[in-house]
Amino acid sequence: MDRFADIALQEIAIGKDILLIVSGGERHIGASSTAYLNEGQMHVQTCAVPGHKEHVLSEGLAMRAAEMLSRTVTVVMGIHYDQLSREEISAISGHVSRLMEEYLLRQVGTRFEHQSNQGNE
């Protein structure tokens with residue numbers, strides 16, 4: 001069984017904006033990143049709890065999601081497992097990236113289907 005199988009991505013819609021929570025292991029809040037479009041440029045603001053490193057991932061994930069979805073996106077991350085090796089940290093990073101890509105593909109596909117159905121009405 002995959003040691004990191006409990007890492008999950010949860011979506012909460014907040015009006016037209018999106019909150020994504022990425023957590024696993026000993027769940028907590030380690031960092032939050034909000035990406036948004038302002039005057040035609042994408043920006044990101046990040047807050048990291050001292051001693052935590054989730055911001056290394058949350059910033060890029062928030063930017064990717066906001067760009068793909070053309071919406072303001074906040075990513076809150078908290079993943080903790082004891083005594084990780086560099087290889088395990090890399091595996092977690094890859095797992096989280098795959099979760100985000102799968103989520104974005106579902107969202108873009110849903111948006112495409114919705115637009116296609118509107119043309120048939």
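Thr72 touches Asp17, Ile18, Thr34, Ala35 and Tyr36, not counting residues up to four places away in sequence; contact here means heavy atoms within 4.5 Å. The model is predicted, so local features need pLDDT of at least 70 and side-chain atom pairs count only at pLDDT 80 or more, while totals for chains, interfaces and linings use all residues. Residues are numbered from 1 along each chain as its sequence is written, and side-chain values use heavy atoms, with hydrogens and water left out.

Thr72 lies in the loop between H1 and S5. Helices (H or I, at least four residues) and strands (E, at least two) are DSSP runs, numbered from the N terminus. Thr72 and Asp17 are 55 residues apart in sequence, yet their C-alpha atoms are 5.1 Å apart in space. With a relative accessible area of 24%, Thr72 is partly exposed. On this scale buried means under 20% relative accessible area and exposed over 50%, with partly exposed in between, for a 1.4 Å probe and protein chains only.

Strand S2 (residues 17-25) is joined to S5 by eight bridges, and the two run parallel. Along this pairing Leu20 stands opposite Val75, and Gly24 stands opposite Ile79. Strand S3 (residues 31-38) is joined to S5 by five bridges, and these two run antiparallel. Here Ala31 stands opposite Met77 of S5.

The whole sheet can now be put together. Five strands form an open sheet in the order S1-S2-S5-S3-S4, with mixed pairing. Strand S1 (8-14) and strand S4 (41-48) are the edge strands, each pairing on one side only. From one strand to the next the twist averages 15 degrees; axes are lines fitted to C-alpha atoms, for helices over the stretch in contact, and angles run from 0 to 180 degrees between N-to-C directions. H1 packs on this sheet, touching S2, S3, S4 and S5, and the direction of H1 makes about 150 degrees with that of S4.

Helix H1 covers residues 55-69. The expected span of a helix is 1.5 Å times one less than its number of residues. For the 15 residues of H1 this gives 21 Å, and the end C-alpha atoms are 21 Å apart, which agrees. Within H1, Ser58, Leu61, Ala62, Ala65, Ala66 and Leu69 are buried. Seen down the axis of H1, the buried residues fall within an arc of 125 degrees, so they line one face of the helix; the arc is that of the directions from the helix axis to the C-beta atoms. Glu67, also in H1, is partly exposed at a relative accessible area of 46%. After H1 comes Ser70, whose phi is positive, near 55 degrees.

Leaving aside neighbours within four places in sequence, Ser33 is in contact with Val44, Gln45, Thr46, Ser58, Glu59, Ala62, Val73, Thr74 and Val75. The side chain of Ser33 also reaches the backbone nitrogen of Glu59 at 3.3 Å. That is a polar contact, a pair of N or O atoms within 3.5 Å; within protein, one must be able to donate a hydrogen and the other to accept it, and residues adjacent in sequence count only if both atoms are side-chain atoms.

The other helix is H2 (residues 86-119), where His95 is found. His95 is buried, with a relative accessible area of 15%. Apart from neighbours within four places in sequence, His95 is in contact with Asp2, Phe4 and Ile7.

Taken as a whole, the secondary structure comes to two helices and five strands. From the N terminus on, these elements run β-β-β-β-α-β-α. Of the 121 residues, 27% count as buried. Among contacts with a separation of 6 or more, residues 24 or more positions apart account for 63%.

Terms used:
Two strands pair if DSSP finds at least two bridges between them.
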